[in-house]
Amino acid sequence: MHSAQENPVIQWTKGDETFSARWQSERNLAVPGKVMLADDTLTADMAYRLACEGNVFLWQSDFQNARQLMQALVRRVDKNAEHKKSKAAKSGKADVEYPQKFHLYRQAQAQRARILGSILIPFNADYSIPLRRAPDVLAACTEAWGEPPVDGPMIVTSLREMMGVVGAHEWRKKGVDVPALGDPPSNRIHPYYGVFSPVRGEYVDLVLKAPLPKACEVNGSAVDVGTGTGVLAAVLAQRWLSNIVATDNDPRALECAQFNIQNLGMGKQVKVVQADLFPDSKADLIVCNPPWLPGKPTSPIERAIYDENSGMLKAYLAGLAAHLNVGGEGWLILSDLAEHLKLRTREELLGWIELAGLKVLGRTDAKPKHGKAFDASDALFDARSKEVTSLWRLAAA
């Protein structure tokens with residue numbers, strides 16, 4: 001199983017007996033201390049109050065009733081958030097400036113996740129769920145956690161995380177249409193559990209339309225740094241480049257990219273390799289779409305969004321010139337949302353580019369098309385509505 005903790009164990013008591021199971025948390029949350037046994041007699045109001053106090057509930061009865069309880073918790077959490085928002089607006093405390101406003105938003109999201117993650121579900125070692133009306137999740141759990149261990153211990157995870165596993169399984173089966181790769185169904189990228197899905201099309205379109213450097217005409221060499229699902233490597237292959245290396249250091253991403261490249265019939269054009277950033281070779285074009293926001297990720301999939309201290313962004317810029325062929329370009333695909341949230345300034349970005357011995361050849365911008373950019377009720381709407389995603393064309397100075 002994928003976990004940074006070594007064999008974490010959760011314990012609970014029933015009568016005079018103590019039971020234990022393996023604690024499974026993709027977010028590497030600490031093993032819960034206050035574990036209460038719960039069944040259909042637990043009301044939503046009581047569950048919400050106890051969850052706010054730090055308790056978690058190991059579900060003992062009908063599985064579908066556990067799902068209904070979680071939906072009831074969602075309503076209470078969101079209602080409480082709206083109440084706090086309204087109260088702050090009336091008191092004049094809603095006018096918080098960035099970046100504090102963003103940090104408060106992340107705190108609220110973490111609190112919401114903790115409460116909604118308070119309902120725990122037991123699994124047998126073979127990934128079956130010993131509850132009435134429980135679904136068969138063997139395939140989904142195997143994809144996310146690996147093959148079930150022979151004679152392994154029981155497992156406990158949150159219902160919310162289990163639903164994420166099942167949802168990822170469905171996305172993996174169905175795939176995501178990427179218009180830049182042609183017409184469906186032959187244009188689908190299949191995201192794996194824990195690998196960020198290419199649901200934002202503007203950055204893909206930027207890579208599709210940007211003018212390729214003339215150096216590519218010689219041997220068509222390119223690198224997609226931090227490939228994830230492999231979508232940008234596939235777009236480069238769609239644009240006739242024939243010597244592409246896609247790198248990543250996450251095992252799930254490598255497996256996912258390899259599947260997608262083969263499934264799209266691009267195996268002869270794209271080679272997927274494990275590397276922190278750059279491969280050992282140079283290239284005419286090196287593309288990178290790093291996480292856009294400085295911040296600490298709280299789960300593996302958040303590593304596609306949050307880049308602590310802008311570490312990956314700085315490392316890409318610092319190593320770019322040394323890995324480019326003469327006349328080559330580096331493409332940096334980056335949103336300016338961090339600038340609107342006052343987590344990073346444009347001057348800082350330009351300073352890192354200059355410090356790396358690079359120059360800007362040009363920049364192409366695109367406005368986001370995702371729902372949050374147009375949702376006035378979103379807590380960060382004033383920043384999201386101004387967001388622009390850019391493709392920076394860089395070269396050695």
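Biologist: Which residues are buried in helix 8?

Modeller: The model is a predicted one. In helix 8, the buried residues are Val 231, Leu 232, Ala 233, Ala 234, Val 235, Leu 236 and Ala 237.

Biologist: What makes the pair of Tyr 192 and Phe 259 tilted?

Modeller: The count of aromatic pairs comes to 8. For Tyr 192 and Phe 259, the ring centres are 6.1 Å apart and the planes stand at 45°. Ring centres must lie within 6.5 Å for a pair, and planes under 30 degrees apart would be stacked, over 60 edge-to-face.

Biologist: What are the burial classes of Tyr 192 and Phe 259?

Modeller: Tyr 192 has 8% relative accessibility, which is under 20%, so Tyr 192 counts as buried. Phe 259 has 36%, between the limits of 20% and 50%, and therefore counts as partly exposed.

Biologist: What makes the pair of Phe 278 and Tyr 316 stacked?

Modeller: The planes of Phe 278 and Tyr 316 are 15° apart, with 5.9 Å centre to centre. Since 15° is under 30 degrees, the pair is stacked. Phe 278 lies in the loop between strand 11 and strand 12 and Tyr 316 in helix 10, so the pair ties together parts that are 38 residues apart in sequence. Phe 278 is buried at a relative accessible area of 13%, and Tyr 316 is buried at 0%. A further aromatic group is the cluster formed by Phe 102, Tyr 105 and Tyr 306.

Biologist: Which are the edge strands of the open sheet of 7 strands?

Modeller: The order in this sheet is 11-10-9-12-13-15-14, and the pairing is mixed. Strand 11 (270-274) and strand 14 (358-366) each pair on one side only and are the edge strands. On average, neighbouring strands are turned by 20° against each other, direction ignored.

Biologist: How do you know that strand 12 and strand 13 are paired?

Modeller: A pair requires at least two bridges. Strand 12 (residues 283-288) and strand 13 (residues 324-335) have 5 bridges, in the parallel sense, so they are paired. Leu 285 stands opposite Glu 329 in strand 13.

Biologist: Which helices lie across strand 13?

Modeller: Among them is helix 10 (residues 311-320), which runs at about 165° to strand 13. Helix 12 (residues 346-355) also lies across strand 13, together with strand 14 and strand 15, and runs at about 25° to strand 15.

Biologist: At what angle do helix 1 and helix 2 pack?

Modeller: Helix 1 (residues 44-52) and helix 2 (residues 63-91) pack at about 65°, with axes 9 Å apart. Their crossing is right-handed. The contact involves residues including Ala 44 and Tyr 48 of helix 1 and Leu 69 and Arg 76 of helix 2. By class, this contact has 7 nonpolar, 1 polar and 2 charged residues.

Technical notes:
Residues numbered from 1 in each chain as written. Predicted model: local features only at pLDDT ≥ 70, side-chain atom pairs only at ≥ 80, totals over all residues. Heavy atoms only, no water. Axes fitted to C-alpha atoms, helices over the stretch in contact; angles between N-to-C directions. Helix = DSSP H or I, 4+ residues; strand = E, 2+ residues; numbered from the N terminus. Left-handed = near helix turned anticlockwise from the far one by under 90°. Contact = heavy atoms within 4.5 Å. Nonpolar A, V, L, I, M, F, W, Y, C, P; charged D, E, K, R; others polar. Phe/Tyr/Trp six-rings, centres within 6.5 Å; stacked < 30°, edge-to-face > 60°. Buried < 20%, exposed > 50% of the residue type's maximum accessible area, 1.4 Å probe, protein only.
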